[in-house]
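Subject: Structure handover

Hi,

Here is the structure I promised to pass on. Please open it alongside this email.

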Amino acid sequence: MAPKTERIQFLRAVRQLHRVRSLCAVGALLWAASAAWTGWQSPGSRQMWVSVLLLTVFTGLLVTAGLSLRRLAVPVTGRPAHHAASHKASTRHAHA
C-alpha cells in the first residue's frame, strides 16, 4: 500500500510544481513589462529598480521550479496514469 500512496504524493508534488512554474512565469513576464515601462517612463528611478529586483526574484523562482521538475522526472511505469481508454481502433461496422 505504501508505494501507491507515495506515487500519488509524488504526482501531486509534480502537478503543484507545474502550477508554481506557471505562476512564476506569469510573474516574471509581468515584472519584465513593468520594468520596461518604468524604465521607459523614468529611467533610473526607485520604481524601476524595484521592478527589476522583483523580476530577478520571479526569474530565480522560475529557474528553481524548472530545475526541480527536471530532477523529479516522472518515472515510466508502462501503464496509463489515468486508466485511459485504449487507443486501438474500434472494430464496429455500421449496418446498412
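Below is what I found in it.

First, a caution: this is a predicted model.

The overall picture
The protein chain has 2 helices and 0 strands. Helix α1 covers residues 2-41. Helix α2 covers residues 46-71. Of the 96 residues, 15% count as buried. The accessible surface comes to about 8,300 Å². Carbon and sulfur atoms hold 65% of that surface. Now look at contacts with a separation of 6 or more: 70% of them are between residues 24 or more positions apart.

T38
T38 sits in helix α1. Is it buried or exposed? Its relative accessibility is 14%, and the cut-off for buried is under 20%, so T38 counts as buried. Leaving out residues up to four places away in sequence, T38 touches P43, S45, Q47, M48 and S51. Of these, Q47, for one, falls within the residue range of helix α2. The T38 side chain also has a polar atom 2.7 Å from the backbone oxygen of S34. W49 is 11 residues from T38 in sequence, and their C-alpha atoms are 9.0 Å apart.

V57 and the patch
V57 is in helix α2. Together with L53 and L61, V57 makes a nonpolar surface patch of about 260 Å². How exposed is V57? Its relative accessible area is 40%, which lies between the 20% and 50% cut-offs, so V57 counts as partly exposed.

Best wishes

Technical notes
Residues numbered from 1 in each chain as written. Predicted model: local features only at pLDDT ≥ 70, side-chain atom pairs only at ≥ 80, totals over all residues. Heavy atoms only, no water. Helix = DSSP H or I, 4+ residues; strand = E, 2+ residues; numbered from the N terminus. Buried < 20%, exposed > 50% of the residue type's maximum accessible area, 1.4 Å probe, protein only. Contact = heavy atoms within 4.5 Å. Areas by Shrake-Rupley, 256 points an atom, 1.4 Å probe, with all protein chains shown as cover. Patch = residues over 30% accessible without salt bridge, like charges linked within 9 Å, V, L, I, M, F, W, Y side chains within 5 Å. Salt bridge = Lys/Arg side-chain N within 4 Å of Asp/Glu carboxyl O. Polar contact = N/O pair within 3.5 Å; in protein donor to acceptor, adjacent residues only side chain to side chain.
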